[in-house]
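Please look through the sequence and the structure shown here before reading on. The paragraphs that follow lead from a single residue to the chain around it, and then to the contact between chains.

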Amino acid sequence: MFVLIVGCGRVGSAIAKTMQGQGHEVSVLDEDPEAIAMLERGRRESWEEAGGTFTVGTALEIDALMEAGIARADAFVASTNGDNTNLVIAQIAKRRFDIQRVVVRVLDPARASWYAKQGLATVCPTQVAIEMLEAAVQEQVVG
Amino acid sequence: MYIVVVGAGKVGWNIARELIDKGHELTLVESSQRRYATVEEELEHAVQYGDGTELWVLERAGIERADMVIAVTGDDEDNMLICQMAREKYEVGRVIARCNNPRNLEHFDLLGVKPAVSATDLILRLIEHEVPKYGLVHLLDLPQERLEIIEVEVDDDSPAEGRAVKDVGLPDGSLVISILRDGSGFVPSGDTLIESGDEVLLVLDTGLEREVTALFNAAASSEAA
């Protein structure tokens with residue numbers, strides 16, 4: 001499978017490495033040319049030697065998305081640090097490029113839940129943290 | 001009418017001021033504390049501080065009863081999402097978005113956000129108007145109504161030159177609305193003779209532009225071909 005990941009921070013780079021380790025072809029797009037270091041940390045070979053692609057560009061710039069291979073992507077992950085950017089590019093991936101597997105990181109629980117109802121596969125780390133912390137607190141209170 | 005404007009930059013502030021002057025009820029939302037403080041001195045309670053892409057901020061601004069939402073931040077993603085949520089979540093009847101980068105216009109369209117206004121595009125059109133390259137200028141497109149208004153300059157070799165308006169052979173769905181000649185404009189009748197150098201304003205159904213331009217401007221039609 002060909003996976004395009006936009007946003008190469010802690011989250012995007014970790015997913016990229018895992019997917020590549022599982023034998024998938026992985027392309028990563030980030031506006032920071034230094035972000036490739038996230039993909040190479042703790043490895044001997046470079047990201048490109050390992051078979052990955054890295055493109056420098058702004059997420060919403062259609063030329064950058066094309067160069068990163070959006071037109072032939074089987075899966076798309078929107079993991080930049082901007083909720084609004086992620087929500088917009090995920091919808092572009094779905095509607096314009098007809099990518100079936102699209103996952104979006106959204107930090108704001110309210111927007112994550114509304115867009116999820118509209119059919120977008122949103123993942124909200126804040127909501128997950130809230131639930132886990134609540135469970136941990138309950139356990140201590142009850143225990 | 002109740003209007004929510006998001007983004008209190010130069011554009012948002014001036015829009016808010018004009019609309020309030022025209023008697024509309026309005027809330028302006030601004031996410032920068034400093035900018036908010038500046039604008040609040042003039043607009044007082046009509047401006048609220050907050051990130052206008054957050055649902056609770058929009059709800060506090062009264063989006064649920066808004067007749068119109070205008071998103072004019074400097075960020076295209078924000079403007080797209082604000083208008084998308086306004087339309088689809090809060091069922092606001094009219095939305096207007098500012099498009100900062102004209103290359104994003106197609107994305108506004110893709111997300112169903114219409115109309116999106118691009119200042120860059122408008123300035124380019126004004127330049128075209130001042131420096132007509134092909135003798136043809138788009139003055140207004142109304143895609144939803146499927147109409148456009150164009151201005152075309154009549155040249156010497158065109159079929160229309162020297163003919164009366166009614167004899168030009170305009171296709172159905174096109175109408176001459178005005179002629180600019182020697183610095184002033186007038187509404188022609190069917191018998192008005194068209195002269196070389198006239199600037200003719202027409203309203204058209206979409207798709208007729210090429211055919212109509214060819215009648216008035218021979219050079220433009222050969223360029224286009």
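Is B:Asp182 buried or exposed? B:Asp182 is exposed, because 7 other C-beta atoms lie within 10 Å. Here a residue is called buried if 20 or more other C-beta atoms lie within 10 Å of its own, exposed if 12 or fewer, and partly exposed in between, with C-beta atoms placed from the backbone. B:Asp182 sits in the loop between strand 9 (174–181) and strand 10 (184–186) of chain B. Helices (H or I, at least four residues) and strands (E, at least two) are DSSP runs, numbered from the N terminus.

The model is predicted, so local features need pLDDT of at least 70 and side-chain atom pairs count only at pLDDT 80 or more, while totals for chains, interfaces and linings use all residues. Residues are numbered from 1 along each chain as its sequence is written, and chains are lettered from A and ligands numbered from 1 in the order in which they are written. The mean pLDDT of chain B, pLDDT being the predictor's confidence in each residue from 0 to 100, is 89, and 94% of the residues of chain B reach 70 or more. For the complex, the predictor gives an ipTM of 0.89 and a pTM of 0.77.

Chain B contains eight helices and 11 strands. Its radius of gyration is 22 Å, well over the 17 Å that the globule rule gives for 225 residues, so chain B is more spread out than a compact globule. This radius is taken over C-alpha atoms, and the globule rule is 2.2 Å times the number of residues to the power 0.38. Along the principal axes, the C-alpha atoms of chain B fill a box of roughly 60 × 35 × 25 Å. Of the 225 residues in chain B, 34% are buried. Two residues are in contact if their C-beta atoms, placed from the backbone, lie within 7 Å. Among contacts in chain B between residues at least 6 apart in sequence, 55% join residues at least 24 apart.

Helix 1 of chain B (residues 10–21) has 12 residues, which at 1.5 Å a residue should span 16 Å; the end C-alpha atoms are 17 Å apart, which agrees. The expected span is 1.5 Å times one less than the number of residues in the helix. The buried residues of helix 1 of chain B are B:Gly12, B:Trp13, B:Ile15 and B:Ala16. These residues lie on the same side of the helix, because they cover an arc of only 165 degrees around the axis, the arc being that of the directions from the helix axis to the C-beta atoms. The exposed residues B:Lys10, B:Asn14, B:Glu18 and B:Asp21 are carried on the face turned away from that buried side. The cover over the buried residues of helix 1 includes strand 1 (2–6), strand 2 (25–30), helix 2 (33–43) and strand 4 (68–71) of chain B. After helix 1 of chain B comes B:Gly23, whose phi is positive, near 95 degrees.

Helix 4 of chain B (residues 76–88) is mostly covered, with 11 of its 13 residues buried. Among the buried residues are B:Met80, B:Leu81 and B:Ile82. The cover includes helix 4 of chain A together with strand 1, strand 4, strand 5 (94–98) and helix 5 (105–110) of chain B. In helix 5 of chain B lies B:Phe108, which is buried because 23 other C-beta atoms lie within 10 Å. Not counting residues up to four places away in sequence, B:Phe108 touches B:Met80, B:Ala97, B:Cys99, B:Val113 and B:Ala116.

Some backbone angles deserve attention. Most residues other than glycine have a negative phi, and most peptide bonds are trans. Phi of B:Asp182 is positive, near 50 degrees, and phi of B:Glu91 is positive, near 55 degrees. B:Glu91 is placed in the loop between helix 4 and strand 5 of chain B. The peptide bond from B:Lys114 to B:Pro115 is cis, with omega near -5 degrees.

Finally, the contact between the chains takes 15 residues from chain A and 15 residues from chain B. On the side of chain A that touches chain B, helix 4 (83–95) and helix 5 (109–117) of chain A each supply at least two residues. Helix 4 of chain A gives the most to that side, with seven residues.
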